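Reader: I'm new to this one. Could you show it to me and take a few questions?

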Amino acid sequence: MTQPPLTRQIQLLEHELGVKLLERSGRNVQFTTAGAHFYLEAQDVLRRAETAAQSARRIESGECGSVSVGCFAFANAVVMPQVLIRAQQMLPQLTINLREMGSIDQSQALASGLVDLGIMRYPRNTRSVRLERILCEKIMLAVPRNHPLALRSKAGLMDLNDQPFVMYSAGAGWYSHGIINGLLTEQNIRPCIVQHVDSTLAILAMVNAGLGLALVPQSAASFGFDNVTILPVELPKETRIETYIGWHEGRLENPAVLRVKEMIVGLNEWIYIS
């Protein structure tokens, strides 16, 4: 800007403020006390404006913000740590808050806004939940290491007849309960059910204690219980236990939520156990 327009702009600013900003003496120009103060404040405003612009750009790209993710025990213990490591590397200004909860609770939490995303089994009520399958697992047999079946390379459903058996509950564990109960009923297999529990982690703890056998998803091997052997099991038909990522309608409009969802879906750990 040439000198006359600059001088004119300063004069207009002084007129608008009603404050003299500069002292002029011949070719020498210096700030008045008010002008010096205004200059410092103006610099601060410009810095904050630039910071606000950068922040807005980061939010728009999903690079910062806070995302809450509901997870059942397996995802929370095995997969989500890898998500957090990747987020720290790629999106250090993004905060991911984990909430461990069962699939039924996750559906309610998504609907109420308590969590932004959920990693769950297929929910009973899908009316308000959008789903994408991220894992499809084989069913395996968990046995105590001192059980005769632990010496086998694989087992069959007939091996479960009259055996002490730990089963998913029909309540919180309804999804896996339905699949496994259907398999046993169709083949007229009658194990001796000693306990009903809600989660795979709880089932493995029972097997680890020597209370019985259990049919579990393949990912159960990731927990590494010392007294549990995980065996392939021959099934009469292809049967899988599936895991989904869920979200409530409209939540992916938040760029941070979308970035975390894409990060979870793209995680290689899902491939290794499928």
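**A buried valine and its surroundings**

Author: Let's start with Val260, which is buried, at a relative accessible area of 0% (buried means under 20%, exposed over 50%, partly exposed in between, with a 1.4 Å probe and protein chains only). This is a predicted model, where local features need pLDDT of at least 70, side-chain atom pairs count only at pLDDT 80 or more, and totals for chains, interfaces and linings use all residues. Residues are numbered from 1 along each chain as its sequence is written, and side-chain values use heavy atoms, leaving out hydrogens and water.

Reader: Which residues does Val260 touch, not counting those up to four places away in sequence?

Author: Val260 is found in helix 7 (residues 255-265); helices (H or I, at least four residues) and strands (E, at least two) are DSSP runs, numbered from the N terminus. Contact means heavy atoms within 4.5 Å. With those close in sequence left out, Val260 touches Val67, Val69, Leu94, Ile96 and Leu117.

Reader: How many residues apart in sequence are Val260 and Ala87?

Author: In space, Val260 and Ala87 are 8.1 Å apart, C-alpha to C-alpha. In sequence, the separation is 173 residues.

Reader: Why do the buried residues of helix 4 line one face?

Author: Helix 4 (residues 103-112) buries Ser103, Gln106, Ser107, Ala109 and Leu110. Those residues line one face because, seen down the helix axis, they fall within an arc (taken from the directions from the axis to the C-beta atoms) of 170°.

Reader: Which residues are exposed on the other side of helix 4?

Author: The buried residues pack against strand 3 (65-71), strand 5 (117-120), strand 6 (129-144) and strand 12 (240-248). On the other side of helix 4, the exposed residues are Gln108 and Ser112.
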